[in-house]
Amino acid sequence: MRRSSIAKTLGPTGLLGIAWTAGPAICGTLLLASLGPVSEWLLHHRPLGLAVFTAVFVLGSGLGFLPTYAQSILGGWVFGVSLGLPAALVGFTGGGLLGYYVARRVSKDRVEELIDRNPKARTIRDALVGQGPRRPLLIVALLRLPPNSPFALTNLVMAATGVPLPAYLAGTFLGMLPRTAVAVMLAAAAGATGAEDIQTFVSQRGPWLLAAGVVGGMAVLGVVGAIARQALRRLT
């Protein structure tokens, strides 16, 4: 099938995919750059701040303009692990649900129609999501595990290809939990030093401490992601 024909068939789904690829990267950078004033507002408006953080997490991740890693860092920095982690778990689970319905609303049946026109793509789709509820759940979880897995774009792909909602939500929770926990714990440890923002933390503690924490966390997640990719390859 020609690219022009594919683009025409996808319609708004293709545009949403572009937006959900570029938007989180830009907005996430802006959020981390504004960590100081944002965290100050949240701290001064407890417990309302926790509710606002959770609601924005759901909307930001579900509508595809804020990445989960930046919001998890904010939650750990402001609320610590005890409150920040549960709020982040609610945030990305609710965001996953919202993103699923947005993607289904936009894509309708366009992607599935495109897949059905291609015998090879149809065979792959049926092997992934047509083998009962456990297989899609495991696939979604494995796709979510790697630290570089884009949350919003994965929402779009999973919803548009017809992954059942229960398997999608359960797989999202299981797959997102490790990387979210690492982000929250690293941010909580940094925030506990009393630094106002990341720039102040670096100037007070030196860049090597931050780099060591980030590298250590990414190394752990990288190993988990590599195992997930191997398991996904064997499964599919």
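In which loop is the place of Pro 47? Pro 47 is placed in the loop between α3 (35–44) and α4. A cis peptide bond, with omega at about -5°, joins Arg 46 and Pro 47.

## Basis of the model

This is a predicted model, in which local features need pLDDT of at least 70 and side-chain atom pairs count only at pLDDT 80 or more, while totals for chains, interfaces and linings use all residues. Residues are numbered from 1 along each chain as its sequence is written, and side-chain values use heavy atoms, with hydrogens and water left out.

The term pLDDT denotes the predictor's confidence in each residue, from 0 to 100. The protein has an average pLDDT of 77, and 66% of the residues score at least 70. Among the elements of the protein, helix α4 (residues 48–62) has the highest mean pLDDT (94), and helix α1 (residues 3–10) has the lowest (48). Over residues 1–9, pLDDT stays under 50. For that stretch the model has seven contacts beyond four places in sequence; contact means heavy atoms within 4.5 Å. Where pLDDT is low, the predicted coordinates should not be read in detail.

## Overall architecture

The protein contains 12 helices and zero strands. These elements are DSSP runs numbered from the N terminus: helices are H or I with at least four residues, and strands are E with at least two. Along the sequence the pattern reads α-α-α-α-α-α-α-α-α-α-α-α.

Of the 236 residues of the protein, 41% count as buried. Buried means under 20% relative accessible area, exposed means over 50%, and partly exposed lies in between (1.4 Å probe, protein chains only). The accessible surface comes to about 12,000 Å², of which 69% belongs to carbon and sulfur atoms. These areas come from the Shrake-Rupley method with a 1.4 Å probe; for residues, only the protein chains shown count as cover. Among the contacts with a separation of 6 or more, 82% are accounted for by residues 24 or more positions apart.

## The packing of α5 and α9

Two packed helices are described by the angle between their axes and the distance between the axes. Helix α5 (residues 68–107) and helix α9 (residues 151–160) pack at an angle of about 35°, and their axes are 8 Å apart. The axes are lines fitted to C-alpha atoms, for helices over the stretch in contact, and angles run from 0 to 180 degrees between N-to-C directions. The residues of α5 that make this contact include Phe 92, Gly 95, Gly 96, Gly 99 and Ser 107, and those of α9 include Phe 151, Asn 155 and Leu 156. The residues of the contact divide into seven nonpolar, six polar and one charged. In this division, Ala, Val, Leu, Ile, Met, Phe, Trp, Tyr, Cys and Pro count as nonpolar, Asp, Glu, Lys and Arg as charged, and the others, Gly among them, as polar.

## Individual residues

The following table lists pairs of residues separated in sequence, with their C-alpha distances.

| Pair | Separation in sequence | C-alpha distance |
|---|---|---|
| Leu 63 and Gly 99 | 36 residues | 6.0 Å |
| Trp 77 and Val 184 | 107 residues | 7.3 Å |
| Gly 17 and Ala 103 | 86 residues | 9.4 Å |
| Ser 107 and Leu 16 | 91 residues | 8.9 Å |

Leu 63 is found in the loop between α4 and α5. Leu 63 is partly exposed because its relative accessible area is 39%. Residues up to four places away in sequence not being counted, Leu 63 touches Trp 20, Leu 98 and Val 102.

Helix α5 holds Trp 77, which counts as buried because its relative accessibility is 9%. Ser 107 also has its place in helix α5; at 0% relative accessibility, Ser 107 counts as buried.

Gly 17 lies in helix α2 (residues 12–33). With a relative accessible area of 11%, Gly 17 is buried. Beyond its neighbours within four places in sequence, Gly 17 is in contact with Leu 153 and Leu 156.
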